[in-house]
Amino acid sequence: MEIAREYTEYWLHQQQIRETVGQPGLTEPHFLAPLLDIFMRALPRTFREVEAEENTHVQVIISGEAGNSWSLLREAQGWSLYRGVELPVTAQVTLDADTAWRLFTKGMTPEAAAERATFAGDETLGRVMLQTVAIIA
């Protein structure tokens, strides 16, 4: 997690500087994909107080070349993050990578992200994901 903290901090500062001076960001998949994967690790904390039946499955899809799919699964002891869960999806949220990194770093409000998101299944449960803050300090 120490390396993850360093990477996300470096990436975000680089991104902010690049946007300020009008230069392209570090959005190539080999930079952005690991960042998004690190940010997804905040999902169980976001859902920690959400009550749901065991095997409730919230799937988060980040579209684009740097994206992937993650599954948040309610288990007896709480919420756990996985890839490739074979259970029916209770709620699904799809975001593009630009929206995702901005949302998770408080560079975009949950309301603005919701306008860019696609929801399927239980939208109320899916919208909880938009409360995720993934900056490791």
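A residue is called buried under 20% relative accessible area, exposed over 50% and partly exposed in between, for a 1.4 Å probe and protein chains only. The model described here is predicted, and its local features need pLDDT of at least 70, side-chain atom pairs count only at pLDDT 80 or more, and totals for chains, interfaces and linings use all residues. Residues are numbered from 1 along each chain as its sequence is written, and side-chain values use heavy atoms, with hydrogens and water left out.

**Positive phi values**

Most residues other than glycine have a negative phi. Lys106, in the loop between α4 and α5 (110-116), has a positive phi near 65 degrees. Lys106 counts as exposed because its relative accessibility is 66%. Asn55 belongs to the loop between α3 and β1, and its phi is also positive, at about 75 degrees. With a relative accessible area of 44%, Asn55 is partly exposed.

**Helix α2**

Helices (H or I, at least four residues) and strands (E, at least two) are DSSP runs numbered from the N terminus. Helix α2 has twelve residues and spans 16 Å from its first C-alpha to its last, close to the 16 Å expected at 1.5 Å a residue; the expected span is 1.5 Å times one less than the number of residues. Leu32, Leu35, Leu36, Asp37, Ile38, Phe39 and Met40 are the buried residues of α2. These buried residues pack against α1 (2-20), α3 (43-46), β1 (57-63), β2 (68-75), β3 (78-82) and α4, where contact means heavy atoms within 4.5 Å.

**Helix packing**

Axes are lines fitted to C-alpha atoms, for helices over the stretch in contact, and angles run from 0 to 180 degrees between N-to-C directions.

| Helix pair | Axis distance | Angle |
|---|---|---|
| α2 (29-40) and α4 (97-104) | within 11 Å | roughly 50 degrees |
| α1 and α2 | 10 Å | about 125 degrees |

Angles under 35 degrees count as roughly parallel, over 145 as roughly antiparallel, 65 to 115 as roughly perpendicular and the rest as oblique. The angle between α1 and α2 is about 125 degrees, which makes α1 oblique to α2. On the α1 side, the contact is formed by Ala4, Tyr7, Thr8 and Trp11, and α2 contributes His30, Phe31, Leu32, Pro34, Leu35, Ile38 and Phe39. By class, this contact of α1 with α2 holds nine nonpolar, two polar and no charged residues.

For α2 and α4, the crossing is at roughly 50 degrees, which makes α2 oblique to α4. Leu32, Leu35, Leu36, Phe39 and Met40 of α2 meet Ala97, Ala100, Trp101 and Phe104 of α4. The contact of α2 with α4 comprises nine nonpolar, no polar and no charged residues. Ala, Val, Leu, Ile, Met, Phe, Trp, Tyr, Cys and Pro count as nonpolar, Asp, Glu, Lys and Arg as charged, and the others, Gly among them, as polar.
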